[in-house]
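Open the model in your viewer and keep the selection tool ready. The tour moves from one selection to the next.

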Amino acid sequence: MSIATTIDTALDRSIVLGYGRIGLLARRRLPGWPADPPRIDGQAVLVTGAASGLGLATACGFARLGATVHALARDPRRAEQAAAEIRASVPGADALAQACDLSSLAAVKSFADEFAAREPRLDVLVNNAGVMPAERTRTVDGHELMFATHVLAPLALSTLLAGLLGRVINVMHPGWADTEGVRRSMPTFRTITGPIIRTAQEGADTIVWLGAAPEALRETGLFWHDRRPRPTHYRLGPSPGASERGRDELWAYCEAALAAAGIGPL
Ligand SMILES: NC(=O)c1ccc[n+]([C@@H]2O[C@H](COP(=O)([O-])OP(=O)(O)OC[C@H]3O[C@@H](n4cnc5c(N)ncnc54)[C@H](OP(=O)(O)O)[C@@H]3O)[C@@H](O)[C@H]2O)c1
């Protein structure tokens, strides 16, 4: 193992150093740090949750690379604001507002069907929208809100837009990034991590890289952080997430939930 790999792995295993901005700053200086992505003029990217935080930073990142950016927010006014902010940050950006409440599968289906009928191409879908409600909340479909937003909506969008799509990026771990969501839902965590928390742009770095870099196409289905695939579990004991039966049950549940909304097969 090279010294660079040893340092990179140590940052990852320490969690605090790796997920904070020190990890990104250090990794960028290590030999073998993957090159910045090329321009992707003419490509189209759809970013969900683009009105704030990582979504807005991601949308700006793709706009800087020359892509047409579809900025999706919960309601039309916030979507228009997001598109205007992208154009203000990136002069000449081609940013288009898209509105959809992703917590409703009927709304996701209607948005995706209209988008697919209207738009000639979609090269990258970034499933970024997320919530962390203080109390258990149910969606109009009866699903738990966080599960509906982070799991069912990405699955539904990816399925419904599959005919158009190139890459799909599900935002997993971007590192600890200073966003409205973190400030609102985790104020104590935000205070504790203040000295080391990443900016939203730093958190968006790997999302944009995954959407544009040719090397990212070599492998699929992995958990990425700071431009490298990372382990999803550390070997400290049995992990309930790794159970094959659990995975099958979750997949069957998602399939049934989407089928009930007229979406699928997956
Ligand atoms: N920041 C971090 O440190 C961190 C760490 C790990 C993972 N993440 C993940 O990164 C993603 C972005 O988080 P963030 O920190 O940037 O949070 P954020 O600032 O709260 O951004 C999330 C965005 O998602 C939108 N959204 C939520 N529910 C929606 C719905 N039903 N329909 C349409 N849009 C919806 C929100 O819009 P509204 O304002 O209208 O609700 C908001 O614009 C999330 O998936 C989060 O889990 C973040």
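**Start at the ligand**

Select Asp-101 and the ligand. An N or O atom in the Asp-101 side chain is 2.9 Å from a nitrogen atom of the ligand. This is a predicted model.

Next, select Leu-102. Here a backbone N or O atom lies 3.0 Å from a ligand nitrogen atom. Then go to Ser-52. One of its polar side-chain atoms is 2.8 Å from an oxygen atom of the ligand.

Now show the ligand surface. On its own the ligand exposes 890 Å², and the protein buries 88% of that.

**Widen to the shell**

**Move to the cores**

Select Ile-40, Val-45, Val-47, Phe-62, Ile-86 and Val-126. Within the largest nonpolar core, of 33 residues, these touch the most other members. Elements that each supply at least two residues of this core include strand S1 (44-48), helix H4 (53-64), strand S2 (68-73) and helix H10 (200-212).

Zoom in on Ile-40. Leaving aside neighbours within four places in sequence, Ile-40 is in contact with Val-45, Phe-62, Leu-65, Gly-66, Ala-67 and Ala-212.

Last stop: another core, of 25 residues, lies apart from the largest one. Select Leu-105, Val-108, Leu-160 and Leu-165, which are among its members.

Technical notes:
Residues numbered from 1 in each chain as written. Predicted model: local features only at pLDDT ≥ 70, side-chain atom pairs only at ≥ 80, totals over all residues. Heavy atoms only, no water. Core = buried A, V, L, I, M, F, W, Y, C linked by side-chain atoms within 4.5 Å. Buried < 20%, exposed > 50% of the residue type's maximum accessible area, 1.4 Å probe, protein only. Helix = DSSP H or I, 4+ residues; strand = E, 2+ residues; numbered from the N terminus. Contact = heavy atoms within 4.5 Å. Polar contact = N/O pair within 3.5 Å; in protein donor to acceptor, adjacent residues only side chain to side chain. Areas by Shrake-Rupley, 256 points an atom, 1.4 Å probe, with all protein chains shown as cover.
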